[in-house]
Amino acid sequence: MPLPQTTTPPQQFGSDNYAGLCPQALEAISRAAKGSTPAYGDDAWTRLAAKAVADVFETPDAAVFFVLTGTAANALALATLCPPYCSIIASEVAHAETSERGAPEFFTGGAKLITPPTPDGKLTPEAIKLAARRASSPRASTPAVVTITQPTENGLVYSVDEIRAIANACHDHGLRLHMDGARFANAVATLGCTPAAMTWQSGVDALSFGGTKNGMAMGEAVVFFKRSMAQGFAERARQSGQTASKMRFLSAPWLAMIHSGAWLDNARHANASARQFAQAVEDIPSIKLAWPVQSNAVFLLMPEPVMNELRARGWRFYTFFGGICRFMFAWDARPEAIAALAADLRSCVRGQGAL
Ligand SMILES: *Cc1c(COP(=O)(O)O)cnc(C)c1O
């Protein structure tokens with residue numbers, strides 16, 4: 001029987017999830033494949049991986065869990081931090097708001113999402129204060145948690161100062177701060193700061209730390225920087241079917257990615273690939289960068305006929321935010337494929353005449 005082709009030339013940049021499994025993660029899976037090991041996370045791989053994640057943050061006391069998807073990481077972390085009669089403040093473009101089919105509301109069992117408008121995708125202390133003030137009546141769903149995405153859904157990175165200011169606003173209002181770090185490694189690569197500086201040292205209470213988009217097959221880590229805040233997470237993970245019985249196949253790749261440094265190398269490569277693409281297209285007439293490139297995403301404004309022609313030539317990409325084209329670069333992005341995409345875009349624009 002012929003097997004499906006997984007690599008169709010040219011390489012596609014529709015999502016960082018299109019990428020395969022990086023060699024370090026693959027090797028870790030084959031190493032963990034041998035022998036028998038206790039189930040449901042009661043194994044040496046999982047213990048060592050949790051310790052390795054905690055060490056990345058220089059917090060030996062952090063509580064670390066592994067779940068299968070980023071949606072589960074967010075929803076279960078938020079449910080652990082937010083009672084069902086309270087609310088969660090998130091950007092209107094947050095993945096938790098736009099792309100999780102109500103999972104945070106479902107897993108909290110009734111919490112509401114409050115989503116202030118965020119023109120550049122970033123929440124601000126002012127927006128948080130305003131939302132907290134508006135919902136302060138005892139009859140309203142009082143906010144309990146703020147979630148920020150780092151890097152944001154539109155590829156921007158909060159600076160450490162911005163995170164600290166947000167955390168201060170949260171803590172002034174008794175709110176906890178969660179970070180959706182589906183692409184956390186990309187933000188670390190951009191800022192060049194320590195993971196600790198970007199999180200608990202700036203006041204972040206809990207983090208969804210993405211592994212899938214970083215180069216693993218699947219698996220995200222959830223980190224609570226204060227162990228006491230993790231109360232109930234393990235039970236919720238079990239209840240929602242997120243406690244993998246062969247947990248070692250989630251955790252062993254984490255261990256390998258951290259020990260080899262691949263988690264940061266992959267992110268650096270992905271970010272550099274995005275910059276390569278942006279530099280190759282920014283002088284094309286009628287093409288504009290919607291936002292500066294600060295992580296592994298490039299968002300382009302382009303005339304609709306160009307978009308259609310690019311798709312007709314076989315390139316896959318999503319449009320977000322009312323028609324902005326998104327290109328994502330992962331650990332495996334190849335310079336020749338990026339150059340081919342850029343060249344095709346240039347030729348599409350030329351073909352459309354004086355746009
Ligand atoms: C991809 C992504 C997630 C997680 O998505 P899953 O498909 O559930 O793994 C969460 N937040 C952001 C910002 C993402 O880009």
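Which helices and strands do the buried residues of H11 pack against? The tour begins with that helix and then moves to other selections.

**Before starting.** This is a predicted model, in which local features need pLDDT of at least 70 and side-chain atom pairs count only at pLDDT 80 or more, while totals for chains, interfaces and linings use all residues. Residues are numbered from 1 along each chain as its sequence is written, and side-chain values use heavy atoms, with hydrogens and water left out.

**Stop 1: helix H11.** Select residues 248-260, which form H11. Helices (H or I, at least four residues) and strands (E, at least two) are DSSP runs, numbered from the N terminus. Of the 13 residues, 10 are buried, so H11 is largely enclosed by the rest of the structure. Buried means under 20% relative accessible area, exposed over 50%, and partly exposed in between (1.4 Å probe, protein chains only). Among the buried residues are Arg248, Ser251 and Trp254. To answer the opening question, display helices H1 (23-32), H2 (44-56) and H12 (262-281), together with strands E1 (63-67), E6 (206-210) and E7 (220-224). Just after H11, select Gly261, which takes a positive phi of about 80°.

**Stop 2: Thr46.** Thr46 is buried, with a relative accessible area of 10%. Its contacts (heavy atoms within 4.5 Å), leaving aside neighbours within four places in sequence, are Gly41, Phe66, Met247, Arg248 and Ser251.

**Stop 3: helices H8 and H12.** Select H8 (residues 184-191) and H12, which pack at an angle of about 75° with their axes 8 Å apart. That makes H8 roughly perpendicular to H12, a term for angles of 65 to 115 degrees. Axes are lines fitted to C-alpha atoms, for helices over the stretch in contact, and angles run from 0 to 180 degrees between N-to-C directions. To see the contact, show Ala185, Asn186, Val188, Ala189 and Thr190 of H8 with Trp263, Leu264, Ala267, Arg268, Ala270 and Asn271 of H12.

**Stop 4: Lys288.** Finally, select Lys288 in strand E8 (residues 288-289). Is this residue buried or exposed? Lys288 is exposed, with a relative accessible area of 56%. Not counting residues up to four places away in sequence, Lys288 touches Phe299, Leu300 and Leu301. The C-alpha atoms of Lys288 and Leu300 are separated by 5.6 Å, although the two are 12 residues apart along the chain.

How values were computed: Expected span 1.5 Å × (residues − 1). Parallel < 35°, antiparallel > 145°, perpendicular 65-115°, else oblique.
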